[in-house]
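Keep the model open beside you as you read.

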Amino acid sequence: SSLADRLATHTGRRVKEGRDTARLDEADIWIAPGGRHLLVERRDQTTWLRLSDDEPENSCRPSADVLFRSVAAAFGSRSLAVVLTGLGQDGMLGCRDIRHGGGQVIVQNQATCVAWAMPRAVAEAGLADAILPLGALADEIQRRCRRSDV
């Protein structure tokens, strides 16, 4: 919850910790609660959050791979994954699912990362549509969402 509060302060947007069966609204930013996987599901043209206590993936719970797989399944070619600084390669397999479904992937560049392992895994797998400095990501996300109606 402290991360959600910090992000809300920096973005000026509503940021919430995910809760099971919450209905997604494009005005909200949702983050996974500690120790639980966060997934999205589409039912009857509505998108819902689902939390899971399934086993960790890549030694992570929450896992970016779990989230990205669910995004790929729910949104297909309208998916956009963003991989920021982090250790390990969590997110790389989920980005593969997003790209195979026609979605897009952008990653933070090495120069602005504290730990470039996660973005590097995606980039080296040939899955990144763009590799950008941290300061350019927000504008790029907005540009891609406007262009393709992600």
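Start at E140, which counts as buried at 12% relative accessibility; buried means under 20% relative accessible area, exposed means over 50%, and partly exposed is in between (1.4 Å probe, protein chains only). Before we go on, a word on the ground rules: this is a predicted model, where local features need pLDDT of at least 70, side-chain atom pairs count only at pLDDT 80 or more, and totals for chains, interfaces and linings use all residues. Residues are numbered from 1 along each chain as its sequence is written, and side-chain values use heavy atoms, with hydrogens and water left out.

So which side chain does E140 meet in a salt bridge? Its partner is R143, at 2.6 Å from N to O. A salt bridge here is a side-chain nitrogen of Lys or Arg within 4 Å of a carboxyl oxygen of Asp or Glu. Both residues sit in helix α5 (residues 134-148), three residues apart, which is about one turn of the helix. R143 is partly exposed, with a relative accessible area of 35%.

Helix α4 (residues 117-124) holds another pair, R120 and E124, four residues apart and again about one turn of the helix. Their salt bridge spans 3.8 Å, N to O. R120 is partly exposed at 34%, while E124 is exposed at 61%.

D53 and R36 meet at 2.8 Å, N to O. The pair links distant parts of the chain, 17 residues apart: D53 is in the loop between β4 (46-52) and α2 (64-75), and R36 is in the loop between β2 (28-31) and β3 (37-43). Both are partly exposed, D53 at 49% and R36 at 28%. Elsewhere, R14, K16 and D28 are linked in a network of salt bridges. How many salt bridges does a search of the whole structure find? The count is 10.

Time to zoom out. The protein has five helices and seven strands; these are DSSP runs numbered from the N terminus, with helices (H or I) of at least four residues and strands (E) of at least two. From the N terminus on, the order is α-β-β-β-β-α-β-α-β-α-β-α. The radius of gyration is 15 Å, close to the 15 Å that the globule rule gives for 150 residues, so the protein is as compact as a globular protein of that length. That radius is taken over C-alpha atoms, and the rule is 2.2 Å times the number of residues to the power 0.38. Finally, buried residues make up 39% of the 150 residues.
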